[in-house]
Amino acid sequence: MAYKRILTIQDISCLGQCSLTVALPIISACSHETCILPSAVLSTHTGGFSGYTVNDLSEDFPAIKNHWLKEGISFDAIYTGYLGSTKQIEYVSDIFDSLKRDDAKIIVDPAMADNGKLYWGFDDEYVKGMRFLCSKADIILPNITEACFLTGTEYKETYDNAYVDELISKLKEICNGTIIITGVSYNSDEINVVIADSDTKKVYVHKKISKSFHGTGDIFSSAFVGAYMQDKSMFDAVKIASNYTVECIENTIDDESHWYGTKFETAIPSLVRMLEL
Ligand code: PXL
C-alpha cells in the first residue's frame, strides 16, 4: 500500500459537501496523508444557496508557501479544485514550482463551470488563469462545460464523438499531460469518462442517473486522485472513482431534503474495498 503526501488546494464550503470537505476525507480514506490549503471560506457553496459569505484567502498563500519551504516540505501530488480568485492562480502556480517533489503529479480539476455556465463570481480572466494552470498539469479533469470554456468552444447540450474529439485535440494544445473529460453523455443511459493522452484514448462507460447532484465532480476527482496515487492505472482509477460516485448518488437520490449535496460518506467503505488496500 502506498502512503503519499498529497496537497489539495480548494475552498472550504462550510456546508455543502464539496471541495475540501469532500477531498480531505476521501483522499484520507484512500490512505494518504492529505494536506490542505483552503483557497477561500464560504458559508455554503454557490450552487443553489443565496446570500452566502465568501472570504478569499489568497493573501495567506505566499506566507504559507514560505513557511513550508523553510521547513523543507514537499508533496508527491498537488491537486487543485475551486480556487478563490484569478490572483490566487499565480500563487498556486508558484506553489507547484516550489513545493512539488521531482516526480510529483500535478492534477488540476478546473472546477469553474457546469451545465454550460461559469459558477457565480468567475469571468473570462479566471478562465484564462485556469487555462494557464492546466498548461502546468500532468492530469486535467474538466467536465464538458469546462472543456468548452478552456478551449473557447461553443457548449452544446447534445453532441457526438467528433465534438468530444475536437475538445480533446484543442485541450492537447493547452496541456501535454493526460486529459480526462468527465460527464460525456451521448444518450440517456450512459456517461462516458474519456481518458486521452498524446497517443491513446480510452473510455470508461458507467450508468447515468437522471438527476444531477451537487459536488459529484469533486467526489470523482478526489477519489480519482486517491486511487491513482495508490498506484492504480489511470483507467482503473477512473473506474473506481466513477463507480464510487455513482454509489454516492444512489445513496442520495431518494432524499429530497438533501438537494444541496451528495452523501459521499455513506459509500466510503465501498471505496476502500474497491481500492483493495
Ligand atoms: O463543486 C464545485 C464547487 C466548489 N466550491 C464552491 C462552489 C462549487 C460549485 O458551485 O460553489 C464554492
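I take a residue as buried when its relative accessible area is under 20%. The model I am reading is predicted.

**Entry 1, helix H1.** I looked up which residues of H1, residues 20–29, are buried, and found Leu20, Val22, Ala23, Ile26, Ile27 and Ala29. I recalled that an α-helix has 3.6 residues a turn, so residues three or four places apart point the same way. Next I asked what covers the buried residues of H1. The cover includes three strands, E1 (5–15), E2 (33–44) and E4 (75–80). It also includes the helices H7 (216–228), H8 (234–250) and H9 (268–275). After H1 comes serine 31, and I noted its positive phi, near 70 degrees.

I checked the largest nonpolar core, which has 48 residues. Leu7, Ile9, Val108 and Ile181 touch the most other members there. I then listed the contacts of leucine 7, leaving out residues up to four places away in sequence. They are Cys35, Ile36, Leu37, Trp68, Phe75, Ala77, Ile78, Tyr79 and Ile95. I also found a second, separate core of 36 residues, with Ala29, Leu141, Ala237 and Val238 among them.

How are H2 and H3 oriented to each other? I read an angle of about 5 degrees between H2 (residues 61–70) and H3 (residues 86–99), with the axes 10 Å apart. Angles under 35 degrees count as roughly parallel, and H2 and H3 are therefore roughly parallel to each other. From H2, the residues in contact are Phe61, Pro62, Lys65, Trp68 and Leu69. From H3, they are Gln88, Tyr91, Val92, Asp94, Ile95, Ser98 and Leu99. I sorted the residues of this contact into 8 nonpolar, 2 polar and 2 charged.

Note on methods:
Residues numbered from 1 in each chain as written. Predicted model: local features only at pLDDT ≥ 70, side-chain atom pairs only at ≥ 80, totals over all residues. Heavy atoms only, no water. Axes fitted to C-alpha atoms, helices over the stretch in contact; angles between N-to-C directions. Helix = DSSP H or I, 4+ residues; strand = E, 2+ residues; numbered from the N terminus. Parallel < 35°, antiparallel > 145°, perpendicular 65-115°, else oblique. Contact = heavy atoms within 4.5 Å. Nonpolar A, V, L, I, M, F, W, Y, C, P; charged D, E, K, R; others polar. Core = buried A, V, L, I, M, F, W, Y, C linked by side-chain atoms within 4.5 Å. Buried < 20%, exposed > 50% of the residue type's maximum accessible area, 1.4 Å probe, protein only.
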